[in-house]
Amino acid sequence: MARALTLIVMLAVATLFWAAVPLDRLFDAFQPMVVALSVIVAAVFVRLNRGMPTLEWKSLEREKRTILTAKIVELSREYVAIVAITGIALIALVTLVVVGKETVAALSANIQKLISCGIGALFSLCLARMSYVVWRDCDIMELQKYLIDNVAERDDRELETKSADDKVAVMKAAGLMKQPRSDVTEL
């Protein structure tokens, strides 16, 4: 579903760039686009540096722990893909700046539209993938919350059980004995 949505957004933006964004005017947007893409890459590097969360793994449910670690590895691969896609977009933008506006203006109108379309598609792909990864990151946080809360509840139950067992042991040690029931007469 997310891939289909990404493809639809990418194609829509590419079509928009083909039809309405001339390449010579797009040159003026390259600097802010490079900044935005650089921020995306920086954010991804920060997230990649995070690694696995620090939890007491032995106390977690095995099934949920396996799901969590698999999702974290999957998400890290998504981060690598975003770095690669964003790197390609950055190289394309910098290459166009180095080639120059005049040289690009000499290309045929269809080639210019194709380049504009490609830039729009790459830029929207970077933004869409980053949005998807943020959504996935939130999904993983929900799973971490579930696991942490579950361990905390189990620890609380164990403490309550131990406390109750201790109180029962104290009562038994007091030597209380059941007394026979006496008939009480009313006055």
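I will take the core, then the cavity, then the cysteines, and end on one alanine.

Ground rules. This is a predicted model, so local features need pLDDT of at least 70, side-chain atom pairs count only at pLDDT 80 or more, and totals for chains, interfaces and linings use all residues. Residues are numbered from 1 along each chain as its sequence is written, and side-chain values use heavy atoms, with hydrogens and water left out.

Core first. The largest nonpolar core holds 33 residues. By nonpolar core I mean buried Ala, Val, Leu, Ile, Met, Phe, Trp, Tyr and Cys residues joined through side-chain atoms within 4.5 Å. Buried is under 20% relative accessible area, exposed is over 50%, and partly exposed is in between, with a 1.4 Å probe and protein chains only. L23, L26, F30, M33, L37 and I119 have the most contacts inside this core. Helices α2 (23–26), α3, α4 and α6 each supply at least two of its residues. The top contributor is α6, with 11. Helices here are DSSP runs of H or I, at least four residues, numbered from the N terminus.

Now look at L23. Which residues does L23 contact, leaving aside its neighbours within four places in sequence? They are F30, V104, Q112, I115, S116 and I119. Contact means heavy atoms within 4.5 Å.

On a 1 Å grid over the protein atoms alone, a cavity is a set of points where a 1.4 Å probe fits but cannot get out; lining residues have an atom within 4 Å of a point. Points are joined across faces, edges and corners, and the volume is the space filled by probe spheres set on them. The largest cavity has about 40 Å³. Its lining is M33, L37, A89, A92, L93, I119, L122 and F123. Helices α3 (30–48), α4 (62–99) and α6 (109–173) each give two or more residues to that lining.

Cysteines. There are 0 disulfides in the whole structure, a disulfide being two cysteine sulfur atoms within 2.5 Å. For C117, the nearest cysteine sulfur is that of C126, 15 Å away. C117 is buried, at 18% relative accessibility. C138 is partly exposed, at 40%.

Last, A43. It lies in helix α3 and is partly exposed, at 31%. A43 and M130 are 87 residues apart along the chain, with 9.6 Å between their C-alpha atoms.

Technical notes
On a 1 Å grid over the protein atoms alone, a cavity is a set of points where a 1.4 Å probe fits but cannot get out, and a pocket is an open set with protein on both sides within 12 Å along at least five of seven lines; lining residues have an atom within 4 Å of a point.
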